[in-house]
Every structure is written in C-alpha cells, then in structure tokens.
Amino acid sequence: MTRPQPTDFTCVERDALDTETAYRLLVGCVVPRPIAWITTVDAAGRVNAAPFSSYNYVATTPPMLAVNIALRAGDGAIKDTARNILASREFVVNVATEATMEEMHLSAREYPPDISEAQALGLALLPSRHVRAPRIASSPVQMECRLDQAVTLGRGLNTLYIGEVVAFHLSNEVYDGHRVDSQKMRPVARLGGPFYSGLGEVFHRPMLQKPPGGEGSAG
C-alpha cells in the first residue's frame, strides 16, 4: 500500500477559520456523535424537547453527562433548552433511536419559546422521579440529570452543561438487569450535514484496559 504523502492532505489552519467553516469541519470529522434528546420545563410549565449531538458522558463516580449548547445561529440568543437548564438546574436526556428518529428530528425546528415541542409533536411523556422535567415515553433509555456546572467555552458562543445523572430509566426491552444492549436499543447518531446513522456493523474486541468494574477486560 502506498504511504500517504504530505501533498495528499489539505491543511486548514485555525486562524483562517470562521465559525461556519469550523462548525462544518468539526461535525464532519467528529462522527458519529450520540444524540441527547433533552427535555426541560420552563417557568410556565411548558415542556421543551430538543436534540443536541455535541454530547457524551464525562464521569462515572458520580455518573455525569455533558452537552454543549451553542447560542442560536442568526440572532445569538440563548436557546430554550439552555435557558430552562440554567433556571431549573434540571433536565432529562432521552436516547434517540431509529424508532423515534422522525420526532426527534422534527423537534430540532426553532419553535417559539411559548410553544411546547412535546405538545406540538404529540410526544407521550412520563413523570420523572427526582426532577420536574418529564421523560419521553418512546425512548428506551431516559436519564434524569441535575446541573452540576455550566462552563462557557471559547469566545462565548458555546456553553458546556454538565449534569449529574440522579436516575436511569431503562426499558426491559434493552436492559437485562446487568447491561444495556445497544443493538436492541438501535440508537441513531449524527453525522455532518443532513445525515444520521445507525449502529451498522458491530465489531468485537476484548478490552485491553480494565474499566470501572472490570467488565469485558482481557485480563
């Protein structure tokens, strides 16, 4: 196989990037990205539901998730989800799946603040145990979170919201009491542009470093 040469690559320097180009490169390179389908409640009791793909888990003791929410493109206003998280310090992360992809995608539309995406899209909701925000019933995994900290990043367009998971709600269809079966869950992930992906082919390799609890380790 021919070794790649320097001329086979295009180098894009950070100093030459505007926000639009940087975003386009990042979402094209960092793939696939899990989707946090977040539900929050505003001061009037309206349920907001919106997907965010700059998201992952960041700690295990206690379990913590982090989601990056940028200011709204165009007018630079804070998004409803971010405003609700800051005001209530609570939110729920629902896992988006192939079965819920259409509703999740439609909830990304910029609805006015006084419109509940959950109501507009007819999403069935379930009460949470520890937080005010409800859970999306059609999601097989729902995680109740309390805000731990909000960290402003870069030049102020992005804020990282870090939440402690205070309860996991796991469908019996994907959870056997020990582990979550990702293949049965059939999550969807975000790619660059207008594209999503499923799990596709799953590859098995023994884990070479011992994770917390040691499960799956090669010894």
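Asp-42 is buried, at 12% relative accessibility, where buried means under 20% relative accessible area, exposed over 50%, and partly exposed in between (1.4 Å probe, protein chains only). The side chain of Asp-42 meets that of Arg-46 in a salt bridge, with 2.9 Å from N to O; a salt bridge is a side-chain nitrogen of Lys or Arg within 4 Å of a carboxyl oxygen of Asp or Glu. Arg-46 is partly exposed, with a relative accessible area of 32%. The model is predicted: local features need pLDDT of at least 70 and side-chain atom pairs count only at pLDDT 80 or more, while totals for chains, interfaces and linings use all residues. Residues are numbered from 1 along each chain as its sequence is written, and side-chain values use heavy atoms, with hydrogens and water left out.

Six salt bridges are found in a search of the whole structure. One of them joins Arg-186 and Glu-98, at 3.0 Å from N to O. Arg-186 lies in the loop between helix H5 (182-185) and strand S11 (189-190), and Glu-98 in the loop between S6 and helix H3 (101-106), so this pair ties together parts that are 88 residues apart in sequence. Helices (H or I, at least four residues) and strands (E, at least two) are DSSP runs, numbered from the N terminus. Arg-186 is partly exposed at 44% relative accessibility, and Glu-98 is partly exposed at 37%. Another salt bridge links Arg-24 with Glu-20, where the closest N and O atoms are 3.9 Å apart. Both residues belong to helix H1 (residues 19-29) and are four residues apart, about one turn of the helix. Arg-24 is partly exposed, with a relative accessible area of 49%, whereas Glu-20 is exposed, with 57%.

An open sheet is formed by seven strands in the order S3-S2-S6-S9-S10-S5-S4, with antiparallel pairing. Two strands pair if DSSP finds at least two bridges between them. The edges of this sheet are strand S3 (47-52) and strand S4 (55-60), each of which pairs on one side only. From one strand to the next, the twist averages 35 degrees; the axes are lines fitted to C-alpha atoms, for helices over the stretch in contact, and angles run from 0 to 180 degrees between N-to-C directions. Within the sheet, strand S2 (residues 36-41) and strand S6 (residues 90-95) run antiparallel and are joined by four bridges. Thr-39 has Val-92 as its bridge partner in S6.

A further open sheet contains three strands in the order S1-S11-S12, and its pairing is antiparallel. Strand S1 (33-34) and strand S12 (196-197) stand at its edges with a single partner strand each, so one side of each is left without a neighbour in the sheet. S1 pairs with S11 in the antiparallel sense over two bridges, and the bridge partner of Pro-34 in S11 is Ala-189.

The largest nonpolar core has 21 residues, and Val-93 and Met-143 have the most contacts inside it. A nonpolar core is a set of buried Ala, Val, Leu, Ile, Met, Phe, Trp, Tyr and Cys residues joined through side-chain atoms within 4.5 Å. Two or more residues of this core come from each of S2, S3, strand S5 (63-70), helix H2 (80-88), S6, strand S9 (141-153) and strand S10 (158-170). S9 gives the most, with four residues. Not counting residues up to four places away in sequence, the residues touched by Met-143 include Tyr-55, Leu-65, Phe-91, Val-93 and Phe-168, contact being defined as heavy atoms within 4.5 Å. A second, separate core has 14 residues, among them Ile-35, Val-92, Ala-96 and Val-188.

No disulfides are found in a search of the whole structure, a disulfide being a pair of cysteine sulfur atoms within 2.5 Å. Cys-11 is in no disulfide, and the nearest cysteine sulfur, that of Cys-29, is 12 Å away. Cys-29 is likewise in no disulfide. Cys-11 is exposed, with a relative accessible area of 64%, and Cys-29 is exposed, with 62%.

Phe-9 is found in the segment before H1 and is exposed, with a relative accessible area of 60%. Phe-9 and Asp-42 are 33 residues apart in sequence and 47 Å apart in space, C-alpha to C-alpha.
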